[in-house]
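Thanks, everyone, for making the time; I would like to walk through one model this morning. Please have the sequence and the coordinates open while I talk.

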Amino acid sequence: MNSPHQITMQEAAKLLNEGPKILYRKLRDAGVLIKGTGLHNQARHQFVSRGYFIIEMTSYTRGDVPHHTPKTLVTPSGLAFIRSVLDEQPVAHHSCGHRP
């Protein structure tokens, strides 16, 4: 139950003109999101405590088994924070085989 002031990571990616998978990777590489554990892609505690993200528990059922998983939501200050993180990262240049 996110408030109108919180958005999903997918919505943040769209507002920042990034693909969601690329945004997740860049934020993991920058140390903002956790990688490689059961908490994969969850915002690190220090960024939640600064008010950039909110962790909301969501529930779903697979078969007869209930599951609970954290969902990272972005606050307005978090969107500005993500933009600043992206601005600090070097731009990757992809070669397409052509030389100028």
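Let me begin with L79, which, once neighbours within four places in sequence are set aside, is in contact (heavy atoms within 4.5 Å) with I7, A12, L15, L16 and V74. What we are looking at is a predicted model, in which local features need pLDDT of at least 70 and side-chain atom pairs count only at pLDDT 80 or more, while totals for chains, interfaces and linings use all residues. Residues are numbered from 1 along each chain as its sequence is written, and side-chain values use heavy atoms, with hydrogens and water left out.

L79 is placed in helix α4, where helices (H or I, at least four residues) and strands (E, at least two) are DSSP runs numbered from the N terminus. Its relative accessibility is 15%, so L79 counts as buried, the cut-offs being under 20% relative accessible area for buried, over 50% for exposed and partly exposed in between, with a 1.4 Å probe and protein chains only. The C-alpha atoms of L79 and A13 are 9.3 Å apart, although 66 residues separate the two along the chain.

Now the sheet. It is open, with three strands in the order β1-β3-β2 and antiparallel pairing, where two strands pair if DSSP finds at least two bridges between them. The edge strands, each pairing on one side only, are β1 (7-8) and β2.

How does α4 lie relative to the strands, and at what angle to β3? Helix α4 lies across β1, β2 and β3 and runs at about 70 degrees to β3, with axes taken as lines fitted to C-alpha atoms, for helices over the stretch in contact, and angles running from 0 to 180 degrees between N-to-C directions. Helix α4 also packs against α2, at an angle of about 75 degrees and with the axes 10 Å apart. That makes α2 roughly perpendicular to α4, since 65 to 115 degrees counts as roughly perpendicular, under 35 as roughly parallel, over 145 as roughly antiparallel and the rest as oblique. At this contact, L23, K26 and L27 in α2 meet I82, V85 and L86 in α4.

Beyond four places in sequence, I82 is in contact with L16, L23, L27, F53 and V74.

Q42 lies in the loop between α2 and α3, and its relative accessibility is 14%, so Q42 counts as buried. Leaving out residues up to four places away in sequence, Q42 touches V32, L33, I34, I55, P70 and T72.
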